[in-house]
There are 2 protein chains.
Amino acid sequence: MSETSENPVSEASENPVPGDALAGRAEKLDAADALAAVRERFVLDDVVYLDGNSLGALPAHVPDRVADVVRRQWGELRIRSWDESGWWTAPERIGDRIAPLVGAAPGRIVVGDSTSVNVFKALVAAVRMARETGERGQGGEGAGRDEILVDATTFPTDGYIARSAARMTGCEVRPVAPAEVPGALSGRTAAVLLNHVDYRTGRLHDLPSLTAAVHAAGAYAVWDLCHSAGALPIGLDEHGVALAVGCTYKYLNGGPGSPAFLYVRQDLQERFDSPLPGWNSHAEPFGMRPEYEPAHGALRGRVGTPDILSLLALEASLEVWDGVPIEAVRAKSLALTDFFLECVAAYVPAGRVECVTPAEHDLRGSQIALRCPDAGPVMKRLIERGVVGDFRRPDVLRFGFTPLYVGFGDAERAARVLAEVLAEVPGEE
Amino acid sequence: MSETSENPVSEASENPVPGDALAGRAEKLDAADALAAVRERFVLDDVVYLDGNSLGALPAHVPDRVADVVRRQWGELRIRSWDESGWWTAPERIGDRIAPLVGAAPGRIVVGDSTSVNVFKALVAAVRMARETGERGQGGEGAGRDEILVDATTFPTDGYIARSAARMTGCEVRPVAPAEVPGALSGRTAAVLLNHVDYRTGRLHDLPSLTAAVHAAGAYAVWDLCHSAGALPIGLDEHGVALAVGCTYKYLNGGPGSPAFLYVRQDLQERFDSPLPGWNSHAEPFGMRPEYEPAHGALRGRVGTPDILSLLALEASLEVWDGVPIEAVRAKSLALTDFFLECVAAYVPAGRVECVTPAEHDLRGSQIALRCPDAGPVMKRLIERGVVGDFRRPDVLRFGFTPLYVGFGDAERAARVLAEVLAEVPGEE
């Protein structure tokens, strides 16, 4: 936890702001919010939904689109839909639709499989590339690269998969706090797996400088964008990121378990040597040739037959982004989380919760994580009262702010209900 | 091609049967068909759909069920559905629903990921188990096992994935015709990847005896059931199969790209060492623990967050099997393919096509593959006239018979239209 700023939220509450004033401010902020109308693109009720960083809300037009995929594309066209309904090319077409949201040009992203499976593809490919020549052409020493550095506070699946990738490529895994990565790099480093935003604390890591440091050492950075894609600008192309994977069911609202995406930098695509070379990434998939010959481009990251229902629900969902710049989403996200913290400071007694999300904007993702000793029962009561966040063991209340459909009034209400619940639940068990 | 029986269909046409007689026979066979009413459970039109071995037809009740998953489970319950709608346990619950169709007890099958990804899991796990002790406890020699035998006529993705699994476990791949596997086994053999039914010829391989031979050699058999699951009884438990994977969008009608399944024999589950140890297979997935500790049972084959829309469409689809014994499906499948061959022999001039599917019942899956030099244009015209099969390069017309919704009248019409088309298209290009 050494790299996480811990801010007792009590500091601000020395000058308590009356609840009426905050509610009034929320109303004005919502009235002035250029993204406020985007909320109408979603199916929402009177719940304050602050769990979009776990499962994004349903875009209103998606049910009809999915019904068409099932009834007409599958039911009537059947096998013809692989061509006529564009099923076959969906993984790269949807990748191109995600691309502008993460700062990638077309042709860099392919969608399919789970995040875990994509982490495996990316890490193994990174190790293989590092051994070949290394990012800065440091050939010769490439063969000796036998270490994968992994964010020590990573979402666990990344660590499990990293250990498997290491075992299968003759590497060792070393857990390192992201801030300490530059000092941990060496001629042994093959790949570095980092989370852009920490799933628990909401801390945003410095992608440009860490990527540069990793690549300067001749290794490859693999970024997990699960908690940043759709929440803030990432600039994958601009910052020269080698490989990245991300989730589509959080801030991208693709639906439960919608497939993940894989980004491969353009100049590395011909060197991307997948550990899962399924027929969908073959240069001639219907040639049914016994020898594998990889296709060109990001679609080299494809494996087997894509799950069309989930993919096309995701594709439809992405239309909520029409006309929505990711920069505007980021600005609103910071304003929302600032305002939520202000409301918490005003409503919650000093010291009752501790914010583990950094106060600095450039260190903050799109969630607020509050530590409180009785977080489990507190979150249970919050949900019962219509404020849906989630609980992360052992003691974290996690509130995700999706600027597409969360407003300032929601933030004020969430803080107010939190204070009510905290007043009822004993502080220490 | 040496192991494929090639039967000039002309043989039977020496005693031509008049078309009227065959049409009449078809009518009687359909009237006597105990499974005829099952067709009403599907959305079908006046097309003769003989491509269910590529994409099964849509069960009629599935659109409403998918709509409920999208509108209510995702749209209204949102994150609560992971518990309340049973999303989290869907992979093993649906595995248990598939189990009786492939001869497995509950707790042996888990659903998720593509077939290719599951072949990778199974093959790597098989190699690791073989090195540990081997199937017959032949410890000591296990460490030297460095060869994976792969069906030489396999669907290509299995071969590509097998080579990757071999590369990552220090093995070599040797292509072997299934019939020659027993003679190719040695103390070097770690795993053998076999197709139960050949995707091109429709030939059924002898699962019980090949499994026994592989296991007697201390290696593990991995069966690809893509073209047999839902088409014929398999008896996985009965025959002691170690590991198997299968597709759910062919004879199981799960929808385009619906997730594959993985079978792990009960006594091997604690030794199943997955190369993709994602958080979904952790003993305590929400413990968020940095160390991986695999769950018990088949769910050890899970990886990342399951694609719920595709999974639950599959779950709904499986209800068409209510009250349908797989033995009855097999009996009808053989009767249908026999009758189709009889009609082809009666209608198509001698020597114009050659059947590459074995005539013997115990060597036949649920499809008929006819070789004809102009198969590409012939299939195009067949489809235009409402008989949908598919073309497999270079020269195979493939007709899949799904007994749940294909009738004898369909078989007769398909053969009749085939004869008409063949009369129009020049025989040799």
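This is a predicted model: local features need pLDDT of at least 70, side-chain atom pairs count only at pLDDT 80 or more; totals for chains, interfaces and linings use all residues.
## Overall form of chain A

Chain A contains 12 helices and 14 strands. Its C-alpha atoms occupy a box of roughly 70 × 55 × 35 Å along the principal axes. The radius of gyration of chain A is 22 Å, which agrees with the value near 22 Å for a compact globule of 429 residues.

Of the 429 residues in chain A, 58% are buried.

## Domains of chain A

The domain assignment divides chain A into domain 1, made of 7-60 + 325-424, and domain 2, made of 88-321. Between the C-alpha centres of these two domains of chain A the distance is 31 Å.

Where the domains of chain A meet, 29 residues of domain 1 are in contact with 21 residues of domain 2. On the domain 1 side, helix H10 (326-347) and strand S11 (367-371) of chain A each supply at least two residues. H10(A) gives the most to that side, with five residues. By class, the domain 1 side of this contact in chain A has 13 nonpolar, 10 polar and six charged residues.

The contact between the chains takes 60 residues from chain A and 60 residues from chain B. On the chain A side, the elements that give two or more residues are helix H2 (62-77), helix H5 (115-132), helix H6 (156-169) and helix H9 (308-317). The chain A side divides into 34 nonpolar, 17 polar and nine charged residues. Because 100% of the interface residues of chain A are also interface residues in chain B, the copies meet through the same surface.

## Helix H9 of chain A

H9(A) is mostly covered, with 10 of its 10 residues buried. Among the buried residues are Ile308(A), Leu311(A), Glu315(A) and Ser317(A). The cover over the buried residues of H9(A) includes H2, helix H4 (90-98) and strand S3 (109-111) of chain A, together with helix H9 (308-317) of chain B.

## Nonpolar core

In soluble globular proteins, nonpolar side chains tend to be buried together. Here the largest nonpolar core has 282 residues, and those touching the most other members are Leu123(A), Ala126(A), Leu123(B) and Ala126(B).

Leaving aside neighbours within four places in sequence, Ala126(B) is in contact with Ala190(B), Ala191(B), Tyr220(B), Val222(B), Ala242(B) and Leu243(B).

## Val421 of chain B

Val421(B) lies in helix H12 (residues 408-424) of chain B. Is Val421(B) buried or exposed? Val421(B) counts as buried because it has 21 C-beta neighbours inside 10 Å, where the cut-off for a buried residue is 20 or more.

Not counting residues up to four places away in sequence, Val421(B) touches Val378(B), Arg381(B), Leu382(B) and Arg385(B). The C-alpha atom of Val421(B) is separated by 9.7 Å from that of Lys380(B), and the two residues are 41 residues apart along the chain.

Technical notes
Residues are numbered from 1 along each chain as its sequence is written. Chains are lettered from A and ligands numbered from 1 in the order in which they are written. Domain bounds come from an automatic or database domain assignment. Two residues are in contact if their C-beta atoms, placed from the backbone, lie within 7 Å. Helices (H or I, at least four residues) and strands (E, at least two) are DSSP runs, numbered from the N terminus. Ala, Val, Leu, Ile, Met, Phe, Trp, Tyr, Cys and Pro count as nonpolar, Asp, Glu, Lys and Arg as charged, and the others, Gly among them, as polar. The radius of gyration is taken over C-alpha atoms; the globule rule is 2.2 Å times the number of residues to the power 0.38. A residue is buried if 20 or more other C-beta atoms lie within 10 Å of its own, exposed if 12 or fewer, and partly exposed in between; C-beta atoms are placed from the backbone. A nonpolar core is a set of buried Ala, Val, Leu, Ile, Met, Phe, Trp, Tyr and Cys residues joined through C-beta atoms within 7 Å.
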